[in-house]
Amino acid sequence: MICLEAQTRRFNLLYDFSLLIRNKKNNLEELLVETARIMPSAFRYPESTCACIEYGGQQYSAGKCQTFSCCISFPLELHDKQVGLIKACYHEQLLRGGEFFLEKEKLVLEILSHHINRVIERNEIERVMKEDREKISITLNSIGDGVIATDLQGIITRFNYQAGQLTGWKPEEALGRPLEEVFRVVTARTGKPLSTSIHRVTRNGKTVGFKSGTTLVAQDGTRRRIADKAAPIRDPDGNILGAIIVFTDVTEQYQSELALKNSEERLNTILSNTMAVIYSYKIKQGRPVVTYINQNVKNVIGFEPDEIMQNPRLWRNSFHPEDVSIIKTNTLHLLKNKEPVHFEYRFKHKKGHYLWLSEYQKIIDSEEGDMEIVVVCREITERKQAEILMEARLNLLSFSYKNSLEALLQKTINEACEVLESPLGFYHFVSEDEKMLSLVAWSKDTLKGYCKANGKNRGQYPLAKAGVWADCVRLRRPVIHNDYASLPNRKGMPGGHVRVIRELVVPIMRQGRIVAMMGVGNKKQDYTEQDVQIASFLADIAWSIVEQKQREEKITYMSFHDILTGLYNRAFLEEEMQRLDTKRQLPIGMIMADLNGLKLVNDAYGHLVGDEMLKSVARILEKSCRKEDIIARWGGDEFIILLPQTSEKVVNSVYRRIKRGCEGAYVKDVPISLALGFALKNNISRNLDDVIKEAENNMYKQKLAERRSIRSGVLQALLKTLGAKSFETEEHTQRMQGIALKIGERLGLSDPEMARLSLLITLHDIGKINIPEEILTKKGPLTKQEWEIIKKHPEIGFRIARATEDFAHVAEEILAHHERWDGTGYPRGLKGEKIPLLSRIASLADTYEVISNGRPYREPLSHDEAIEEIKKCSGSQFDPDLVTIVLDILGKSADDL
């Protein structure tokens, strides 16, 4: 067994290591350096031990490990790939025979490797999360408009770079402040404060545009005209979580409008230099007719000004069909109320793709009485796409909280297809070796019948057999095939598969490995590099959420399972009991099992052996029960099996299988013994808690009936283990009992006291079961440290005896059997008659047996020499009265003993 001092050193190492992990100030490198420094203290020969950790191309070591000849090591892993090594080495062979390293030393190293792996994984997760946050920040800060998000109380939760430029607030200063404090808006005409509309948005759930003439007052007093809107942020169930404001500095636009009023010459100058599309039109015979359009229209939508002027229908026919109603509604409002309107819509570029445009229209009455509408139009495609992507990300995050991983991936590909206007979409996982592809999601339009092939097949597909759509894995970059039919190396599609016209496929990378791929197809226009960025953004977000979802599912698993045995835990079972407690589930069987002797095993062999027994019991229960049965660890050594819709006959059958499963099952020579009891619920009115109590009572009845045989089995296992590693043999016990019982007879001890004395002799050195064998059998003198370890065995024996009802009445005598008459003994230094009588008898009998029969560290003495030795110790080590009795007994005949 493990030396207590060595075990203490190992516990100290693990404790120090846990402090290193808890110290948030320590980075990974500092943790590795300190761990390598303290590791040698856990080994039997710290001064001859070298510890080394290899990670990230660096080596952290205590000493020069290359000069050491005997090593043990465990890998450091990240995502099942070895990224380093932790090892310990001895300079030379320090033991005679056997393993250089103890199993417990190997276990310590394995524990360290396991927890370092956790730290490495945590660092990696933090790095990925940091990258995600940076990507979101980059996206927001790339938008040309100011973006501010708030919670329901109007507290700022997100604040982009452009918002800071316009308001004068630094993002880190603005976050956490009320919106009204940072985003100060007033009317341009009166300077009176305006409501930000946030509370109206969160209360009514409607998008609200700012009033005309809204002015933003920056922190330094600068005033800017702004435009755009506030919209609610919702979760998948439609609940409002907060609001988002997207605003633009339209001061230049406002100045342009003033210029239109003041001077035609100034207007022409502005129109020739502005980046916006500015045009005007009149209503003739109920239809709009363009009267002016600036040159910038070609840069924005690709058409020459003359093309639009000569073809009045061209502008109207380029509106996105879904946005025609928005344009008509705003135009009617303008004509009816004579108030400016601002709206956004999609417009088809001359090349065929759609752009997002933002229009501001205002009526100008000429001196002649003609009515003309002047329009300032800006392209906002990037801003709208950023809003859509940000909204998609929020939707996916919210969706992931209440839905499965498969549903999340389905949602992701649907979002991608909607944003990229692609009816065909798919999402594949890629195997670790990047040789196999696994389809996990088709887009909803594909599943509705767009593709007649087996769209729900989740089997693996070899990359080598995949068509050009898998080139993103082979080339390790996004691929665009805008003319799919012309590809020379394309392969045929399976029967029923839709004809592919064009496609875009992007890989998802993690730590240099492709983990997944997402593809969309058959967009009406060619895919562009901008589409690649959008698809990559959505795919990457999806995978990050997948990883988060997988971690959450792991946490959920741990919350309902017992970590040691892998069985369900009590919390899960109690929920299942409530769920299954229905008439339809009757009859409901309940089996309770209790592992006999666990506390005794823990005290005698240590908790690791006790844990092995619990895990062995779990495997026996799993093999003995049916798939539909629910097995849970109810308490420390108790298990409960819930058997819904089960007759008494079946419960009995499971009960017997468990009994048979325990037969011949051992851990450390200790037989696995379960006390079992069962009960049945046949009536819906009966409470399941009462059924558990009945099963528990039946279990305790069996436990009482088999108690003595169980204790005897554990005791025999303990004595067998002790005898195998020391000189505490059955013969030694018999010789001790021979002289001890004779002393008891001379003293006139009662029968119960004689029985206690016999049990004390049997168990007096049981505490040595935790003393290392090399110390117990050492031929030379013990070192000071070894002697201190030996002196612990009475206390260990005391705990073992106290753990067992049948042995508890001799625990005090076991604790005191090495006390001395003069008070110099151990562990408590008792003196004289304060030492229990039976302990004094055991001490005298033990000493006589040892000096008469010898040990590796001393030769046996003759009968006369033994008598002299006993006399010398009378009054110091031994009770003088007992010595007198022993000398009288020994004077008759040593052979009689």
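Okay, so helices here are DSSP runs of H or I with at least four residues, strands are E runs of at least two, and both are numbered from the N terminus. With that in hand, Phe-429 sits in strand S17, residues 424-430.

Quick housekeeping. This is a predicted model, where local features need pLDDT of at least 70, side-chain atom pairs count only at pLDDT 80 or more, and totals for chains, interfaces and linings use all residues. Residues are numbered from 1 along each chain as its sequence is written, and side-chain values use heavy atoms, with hydrogens and water left out.

Back to Phe-429. Is it buried or exposed, or partly exposed? Its relative accessibility is 21%, so Phe-429 counts as partly exposed. The scale goes like this: buried is under 20% relative accessible area, exposed is over 50%, and partly exposed is in between, using a 1.4 Å probe and protein chains only. Who does Phe-429 touch? Leaving out neighbours within four places in sequence, the contacts of Phe-429 include Leu-409, Met-436, Val-515 and Trp-543, where contact means heavy atoms within 4.5 Å. Val-515 is 86 residues away along the chain, yet the C-alpha atoms of Phe-429 and Val-515 are separated by 6.1 Å.

Okay, on to the sheet. On pairing: two strands pair if DSSP finds at least two bridges between them.

Let me walk across the strands. S12 (277-284) and S13 run antiparallel and are joined by 6 bridges, with Lys-284 standing opposite Arg-287. The S12 and S13 hairpin has 2 residues between the strands, and Gln-285 there takes a positive phi near 55°. On to S16, residues 371-379: S12 pairs with S16 in the antiparallel sense over 5 bridges. Val-277 has Cys-377 of S16 as its bridge partner, and Ile-278 stands opposite Val-376.

S14 and S15 pair antiparallel over 8 bridges, and Phe-343 has Glu-359 in S15 as its bridge partner. The hairpin of S14 and S15 has 5 residues between the strands, with Gly-352 at a positive phi near 110°. And why is S14 called largely enclosed by the rest of the structure? Because 6 of its 8 residues are buried.

The cut-offs are under 35 degrees for roughly parallel, over 145 for roughly antiparallel, 65 to 115 for roughly perpendicular, and oblique for the rest. Leu-13, Asp-16, Phe-17, Leu-20 and Ile-21 of H1 meet Leu-31, Glu-34, Thr-35 and Ile-38 of H2. That contact divides into 6 nonpolar, 1 polar and 2 charged residues. As for the classes, Ala, Val, Leu, Ile, Met, Phe, Trp, Tyr, Cys and Pro are nonpolar, Asp, Glu, Lys and Arg are charged, and the others, Gly among them, are polar.

Next, H26 (751-763) and H31 (837-853) pack at about 45°, axes 10 Å apart, and are therefore oblique to each other. Glu-753, Arg-756, Leu-757, Leu-760 and Ile-761 of H26 make the contact with Leu-838, Ser-839, Ile-841 and Ala-842 of H31.

H31 also meets H32, residues 863-872: their axes come within 10 Å and cross at roughly 145°. From H31 the contact uses Leu-844, Tyr-848, Ile-851 and Ser-852, and from H32 His-863, Ala-866, Glu-869 and Ile-870. By class, that's 5 nonpolar, 2 polar and 1 charged. That's my tour, thanks.

Key:
Axes are lines fitted to C-alpha atoms, for helices over the stretch in contact, and angles run from 0 to 180 degrees between N-to-C directions.
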